[in-house]
Amino acid sequence: MREIQAAQPPHLPAFFQPLYLDSVTSTNDEMKQRARAGAAEGSLIVAREQRAGRGRGGRQWTSKPGNLYMSLLLRPPGSVGAVAQISFLAAVALAEALLEVAPDLSPRLKWPNDVLIDGAKISGILLESSARSGGGVDWLVLGMGVNVAHHPEDAGQAATSLQAQGADNCTAFSLLATLAPALLRWLDIWRGAGFAPLRQAWLERAAGLGGPLRVRLPNEEFSGIFRDLDGDGNLRVEMPDGAMRSITAGEIFLP
Ligand code: BT5
């Protein structure tokens, strides 16, 4: 009896229109199809497993049953660049949700969109959007994967899960019940006050702020000091000669 109840989808705030699926290639693919067909903002797909979960740049996202795999459809105002701030929003909301379900954890945020526990990746965020011809975006799909019950040992980088961190009672659904209101709270703040409060909240949990980092761009790689996040979400890096450089897209490595 308890198991059946535990497996019941959670109650979510009215903004969300959830659809729970069993096995999909990728929740982002499912949602993109619906976005193109006119689905409303707030549509949410949650799947038990993904057969072809994706990371950025064609990388794989390990997606066996037991973890949270979800995609939320948004139709935000603003330019493609501005809506990229949603990845910071998702990371901040997830950090808050993780702290609610497991108060002993110290989630850290790694630019641009990773959530780490003790330096290990617990989550991945994948934004995909379609630009409108007159400017702005037609739709934006926010994909989030969170390791709840397990994590890959062979990810090529350190990974962890809520259960590995001792949060044994947490399930994908119980995390979703906490994450959805946190996302909505931050969406409201972002819409009302812009990026500034989000930037502040992100910086408070930033991994490696003030310390050395290595930056990998498509055609170059260099080391510097991670100094700040600017008002557009670019990383501000101090170069060895003291000059400041803004990084819009790329990969960073913390020691
Ligand atoms: C990401 O990419 O971190 C974004 C992942 C987004 C996954 C969600 S799940 C719901 C939605 N539907 C999808 O198809 N995707 C989204 P990236 O920064 O490129 O990181 C990918 C890298 O993380 C891989 O190359 C591995 O090194 C590592 N990795 C793969 N699976 C992992 C896992 N479950 N936990 C931790 N690390 C993982």
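Begin by selecting helix H4 (residues 86-101) and helix H6 (residues 196-204), whose axes come within 10 Å and cross at roughly 50°. This is a predicted model, in which local features need pLDDT of at least 70 and side-chain atom pairs count only at pLDDT 80 or more, whereas totals for chains, interfaces and linings use all residues. Residues are numbered from 1 along each chain as its sequence is written, and side-chain values use heavy atoms, with hydrogens and water left out.

Two packed helices are described by the angle between their axes and the distance between the axes. Here an axis is a line fitted to C-alpha atoms, for helices over the stretch in contact, and angles run from 0 to 180 degrees between N-to-C directions. The helices (H or I, at least four residues) and strands (E, at least two) are DSSP runs, numbered from the N terminus.

The angle at which H4 and H6 cross, roughly 50°, makes H4 oblique to H6. Angles under 35 degrees count as roughly parallel, over 145 as roughly antiparallel, 65 to 115 as roughly perpendicular and the rest as oblique. Now display the side chains of Phe88, Leu89 and Val92 in H4 and of Leu198, Ala201 and Trp202 in H6, which make the contact (heavy atoms within 4.5 Å). These residues comprise six nonpolar, no polar and no charged. In this classification, Ala, Val, Leu, Ile, Met, Phe, Trp, Tyr, Cys and Pro count as nonpolar, Asp, Glu, Lys and Arg as charged, and the others, Gly among them, as polar.

**Second stop: H5**

Among the residues in contact are Leu89, Ala93 and Ala97 of H4, together with Leu179, Leu183 and Trp186 of H5. The contact of H4 with H5 holds 16 nonpolar residues, one polar and three charged.

Next, select H5 with H6, whose axes come within 8 Å and cross at roughly 130°. This makes H5 oblique to H6. Their contact involves Trp186, Ile189, Trp190 and Ala193 of H5 and Ala196, Pro197, Leu198 and Ala201 of H6.

Which residues of H6 are buried? They are Leu198, Ala201, Trp202 and Leu203, where buried means under 20% relative accessible area, exposed over 50% and partly exposed in between (1.4 Å probe, protein chains only). The buried residues of H6 pack against H4, strand E4 (107-110), H5 and strand E9 (220-229).

Within strand E9, select Phe226. At 1% relative accessibility, Phe226 counts as buried. Leaving aside residues up to four places away in sequence, Phe226 touches several residues, including Trp202, Leu209, Leu213 and Leu235.

For a contrast, move to Pro240, in the loop between strand E10 (235-238) and strand E11 (244-247). Is Pro240 buried or exposed? With 75% relative accessibility, Pro240 counts as exposed.

Finally, select helix H2 (residues 27-36), in which Thr27, Asn28, Met31, Lys32 and Ala35 are buried. They lie on the same side of H2, because they cover an arc of only 130° around the axis, taken from the directions from the helix axis to the C-beta atoms. On the other side of H2, Gln33 and Arg36 are exposed.
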